[in-house]
Structure formats: C-alpha cells, structure tokens
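Q: Let us read some features together. Please bring up the sequence and the model.

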Amino acid sequence: MEIRPVGSSALLIEVDDPLAWFAALDAERAAGRLAVTDIVPGARTVLLDGVPSPASLAASLRSWPTPSFARFYGDKLAIPVVFDGPDLAAVAEMTGSSVEVLVRTLTETTLTVAFGGFAPGFAYLSGLPWTIPRRESPRPRVPAGSVALAAEYAGIYPTASPGGWQLIGHTDTALFDIDRDPPALLTPGRTVRLAVA
C-alpha cells in the first residue's frame, strides 16, 4: 500500500483491490470509527477526503489487514439492454464467439461497479470474462444510454458525449438524476446484470 497526502485534508491510497478497501473503509465510516467525508474508489486507488488528521489516519491504515471484498450494496440491479450496437459483431469476433454467445455470456455475467468517472453517472463495471480493446478512433458523439465495452470494463454512457468504447447496445435506464438520492444509479459496490430488453 502506498499512501500519499492530497492537500491538507485528504489521502490517496494505492492498493491492489480498491473496491475491497472502499467497502472496508465505508463500513468503518458507517460504524462511526472513521471520520472522513468522502471515500472515492478508482481503478488502482481510493481517495479519502475530509480527513481531520491525515497523518494520524495514514499511520493507522498502515496497520490494517488487507481486506477482501465481500460486501455488496443493494440488490442486484437488472438493466434492460437492446443488443444492437454498431460494434456488436466486431466484439463477438474479438471474443472468438458468435453474437448470440456473446450476448448470452454478457447476460449471465454478474458485473460490479468498481468506480465512477468520466461523466456524472458513468460507472466502470468489472467482471467481464475478456479484455476488449478500445476503438482506434473515438466517435465524436456516442448517444446517451449506449452500452459499451473497453479494456476489462463495461459501461453505459449516461449522456451523449465523445467516446472510444466498443458500442454493443443501448438502454433507456436513467443513470443519473439530480432529483434522485443518490443521483447516480450505479454506485461503487453495486452488482449489475445486463438483461435482454
């Protein structure tokens, strides 16, 4: 574990399993044993913000046992998807399967929200059985609701934006709503299943 101070009231920890650390830290915060405002997991890091004494917390974290991720948040969420994306056939070929097998594998795979980023409501879903390369040339505009794959992640574009992921389908599910609590539907630790719409 590497621990770095960020400003005067935050720590950035680099760990092998950020989601396990996020779950452990969030459980400690919920139990009242950890004073921190925000816990934000990333691909290889966890940011702790609003820390009253970063030096003291850093010393404490160094003695923590390495957690294993066993806590999931809420029921598994099924997201209806129409598998009609322009890259669907190419992705099937990349995985050495047919479109039918690709869709069946995706709908039978439990995905977990590893972290959020890129845009409000965009979640990086881990658990894919393959690694899919990004497009060589990003699209200038990807429609909102597009379901896509890149590297070891699946994702759904909450709003229209440029993007370089492989588009395999779309959903009408609202991923970000400022009037919802929390606004993001897909939060770290949530389990997700893509379902045929």
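Q: Which residues form one aromatic cluster?
A: Phe115, Phe118, Phe122, Tyr124, Tyr153, Tyr157 and Trp165 do. This is a predicted model: local features need pLDDT of at least 70, side-chain atom pairs pLDDT 80 or more, while totals for chains, interfaces and linings use all residues. Residues are numbered from 1 along each chain as its sequence is written, and side-chain values use heavy atoms, without hydrogens and water.

Q: What describes a pair of aromatic rings?
A: The distance of the centres and the angle of the planes. Rings of Phe, Tyr and Trp (its six-membered ring) pair if their centres lie within 6.5 Å; planes under 30 degrees apart are stacked, over 60 edge-to-face, the rest tilted. The count here is ten aromatic pairs. In one of them, Phe118 and Tyr157 are edge-to-face, 5.9 Å centre to centre with 90° between the planes.

Q: Which parts does the pair of Phe118 and Tyr157 tie together?
A: Phe118 lies in the loop between β6 (111-116) and β7 (123-126), and Tyr157 in the loop between β10 (153-156) and β11 (161-163), so the pair links parts 39 residues apart in sequence. Strands are DSSP runs (E, at least two residues), numbered from the N terminus.

Q: Is Phe118 buried or exposed?
A: Phe118 is exposed, at 52% relative accessible area. Tyr157 is buried, at 2%. Buried means under 20%, exposed over 50%, partly exposed in between (1.4 Å probe, protein chains only).

Q: How do side chains alternate in a regular strand?
A: They alternate between the two faces of the sheet. In β5 (residues 77-81), Leu77, Ile79 and Val81 make up the covered face, Ala78 and Pro80 the uncovered one.

Definitions and conventions: Helices (H or I, at least four residues) and strands (E, at least two) are DSSP runs, numbered from the N terminus.
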